[in-house]
Amino acid sequence: MSDGIEVSMVKINKYWLILLLLIISVLLIFMLNSTTPNKKSKENAKLIFGDNFISYVIDNNKGVSFNIFGVQDIRKQNSSLKDQVTSIIFNNPNIKVVDYKVDTGISNKGYKLVNIIVTAQVLTNHVEKADKLLIQFNNEKTTTHEFGEITVQNGVPFQNKHLAPFGEYTVGYPTLALDVNIKNNEKQSISVSKVYDLTDEISYQFKDLLKIKPEEVKHIKINSLSIKSEKEHDFITMTPILSYSLDDKEYLYNMPGVIYGILDSDQDKIKKIVHRLND
């Protein structure tokens, strides 16, 4: 009889022990959920962009990649921007973002350098413009950012048989200059009147027509391009367009792209962007 009582007591103790463990497990799960940060409840990263001027002829069906520079304000929050961004589009549906990459660089005085590399296509035969980035985060919130401006067009209006770059072609510049070699592939002379971008914001008008003889390689060196609005852009990516005549007909040639300010040090980039906050 006493043996039976002891067995029952053991069974009862095991039952209460299992129940107690279940209660503890539930409490632990509740405590973890209440103390573990929920990614979707995190505040979006605070971004400030520089004045990025992009004016480009996209003659590649797969699109062209552009750098858009800004800074992340990390004085109060230093979350990983790469892990937060889930989508990026322009405020123009005819400029399609086919891919993007978020890179972050050094930090200086509470600001971290951000480089959003956007691969874009233009979906029409017209000049398309945008001046805002719409960034969606993993908390499903979308924020709108002024980043400068982008102007793009496909290669339909341009002629790429008469002229071609030759030998060394300087792509990156600290200031608005141009230093390139261009070859005339034709058996007739070509007369160049102007170099400019799609928006005509940046240009250079030759005082006298620049003559390129048949099959000649011409060194074009311009020490200073003009900015129509006299606006100071932080970072410029542009296609220089040559306006020229051949056999009494007018043509446009889109030269390979060039960049200005993008080769600055990361620290200088941050200073340039943050300086705008105090203007």
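A residue counts as buried when its relative accessible area is under 20%, and because Phe206 has a relative accessible area of 14%, Phe206 is buried in this predicted model. Tyr204, with a relative accessible area of 28%, is instead partly exposed.

These two residues also meet through their side chains. The count of aromatic pairs comes to six, and one of them joins Tyr204 and Phe206, whose ring centres lie 5.2 Å apart with their planes at 80 degrees, so the pair is edge-to-face.

Rings also take part in another kind of arrangement, in which a lysine lies over the face of an aromatic residue, and the table gives two such cases.

| Lysine | Ring | Distance from the ring centre |
|---|---|---|
| Lys194 | Tyr196 | 5.1 Å |
| Lys269 | Phe69 | 5.2 Å |

Turning to the aspartates, Asp99 is found in strand β5, which covers residues 95-108, and with 47% relative accessibility Asp99 counts as partly exposed. Leaving aside neighbours within four places in sequence, Asp99 is in contact with Ile117, Val118 and Thr119, while Gln121, 22 residues away from Asp99 in sequence, lies 9.8 Å from Asp99 in space, C-alpha to C-alpha.

Asp247 is found in the loop between β17 (241-246) and β18 (249-254), and Asp248 has its place in the loop between β17 and β18 as well. The phi of Asp247 is near 55 degrees, a positive value in a residue other than glycine, and Asp248, which is not a glycine either, has a positive phi of about 65 degrees. At 78% relative accessibility, Asp248 counts as exposed.

Note on methods:
Residues are numbered from 1 along each chain as its sequence is written. This is a predicted model: local features need pLDDT of at least 70, side-chain atom pairs count only at pLDDT 80 or more; totals for chains, interfaces and linings use all residues. Side-chain values use heavy atoms; hydrogens and water are left out. Helices (H or I, at least four residues) and strands (E, at least two) are DSSP runs, numbered from the N terminus. Buried means under 20% relative accessible area, exposed over 50%, partly exposed in between (1.4 Å probe, protein chains only). Contact means heavy atoms within 4.5 Å. Rings of Phe, Tyr and Trp (its six-membered ring) pair if their centres lie within 6.5 Å; planes under 30 degrees apart count as stacked, over 60 as edge-to-face and the rest as tilted. A charge sits over a ring if NZ of Lys or CZ of Arg is within 6 Å of the ring centre and within 35 degrees of the ring normal.
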